[in-house]
Amino acid sequence: MLTITGGKWTRRSIKTTARRNTRYTPQSARKALFDIVDVTSKTFIDLFAGSGIMSFEAMSRGAVNAMSVDVSKKACNSILDNKNDLDSSMNLRIICADFRRAIPSLVRKGVGADTVFADPPFDEEYIEPLFAVLNQNPELVNNQGQLIVETSDREKRAVLEFSSLFRLVDQREYAGIVFSILVRK
């Protein structure tokens with residue numbers, strides 16, 4: 001179980017999946033991130049969503065809508081269960097697809113977000129393909145919006161190396177993970 005750290009659902013629990021390869025953003029890191037990133041009245045996309053905790057954190061803190069994208073059917077079902085447990089009427093869309101298909105599809109439909117959060121599996125060579133797709137579809141991040149990529153310490157330089165259409169504005173380390181905050185160039 002994970003706990004929402006702020007907003008209207010503070011201290012509410014989120015169920016997780018039993019998938020071995022799912023790693024969850026530590027509670028202290030989530031709280032720290034949402035203390036510096038204002039999502040109030042903004043749109044939010046969560047790539048590699050897992051349990052959907054980042055989308056639920058954003059919605060709890062006043063995001064107008066969120067999308068959770070994950071390739072795993074188990075993860076998507078878990079997100080749906082959590083949505084129904086919290087508030088089935090919340091404006092949360094669940095997209096069960098690989099990021100390489102989901103991002104271009106969203107952009108073709110004119111969908112973008114003020115905040116795009118990506119938390120790919122650590123140290124499994126996802127940073128380069130993630131940015132290959134994002135660099136081809138930068139409109140996923142709205143003008144004046146931000147892209148936040150969660151990585152291991154070893155991968156933080158890869159974010160700079162592959163983010164050709166995005167500019168790093170901040171990099172923060174919490175609880176053994178790194179948040180790179182970028183904007184479109």
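In this predicted model, Asp119 sits in the loop that runs between strand 6 (113-118) and helix 5 (127-136). Asp119 has a relative accessible area of 10% and is therefore buried, since the cut-off for that class is under 20%. The side chain of Asp119 makes a polar contact of 3.2 Å with the side chain of Thr25, and, once neighbours within four places in sequence are set aside, the residues in contact with Asp119 are Arg23, Thr25, Leu47, Phe48 and Glu150.

Helix 2, which spans residues 53-60, is mostly covered, with 8 of its 8 residues buried; among them are Phe56, Glu57 and Ala58. After helix 2 comes Gly62, which has a positive phi near 100°.

Turning to charged pairs, the model contains 9 salt bridges. One of these joins Arg30 to Glu57, with 2.5 Å between the closest N and O atoms. Because Arg30 belongs to helix 1 (residues 27-36) and Glu57 to helix 2, this pair ties together parts that lie 27 residues apart in sequence. Arg30 and Glu57 are both buried.

Lys31 is partly exposed at 38% relative accessible area, whereas Asp35, at 52%, counts as exposed.

A further salt bridge links the side chains of Asp170 and Arg172 at 2.7 Å, N to O; Asp170 is partly exposed at 23% relative accessibility, and Arg172 is partly exposed at 31%. Elsewhere, salt bridges with shared partners connect Arg30, Glu57 and Arg61 in one network.

Definitions and conventions
Residues are numbered from 1 along each chain as its sequence is written. This is a predicted model: local features need pLDDT of at least 70, side-chain atom pairs count only at pLDDT 80 or more; totals for chains, interfaces and linings use all residues. Side-chain values use heavy atoms; hydrogens and water are left out. Helices (H or I, at least four residues) and strands (E, at least two) are DSSP runs, numbered from the N terminus. Buried means under 20% relative accessible area, exposed over 50%, partly exposed in between (1.4 Å probe, protein chains only). A polar contact is a pair of N or O atoms within 3.5 Å; within protein, one must be able to donate a hydrogen and the other to accept it, and residues adjacent in sequence count only if both atoms are side-chain atoms. Contact means heavy atoms within 4.5 Å. A salt bridge is a side-chain nitrogen of Lys or Arg within 4 Å of a carboxyl oxygen of Asp or Glu.
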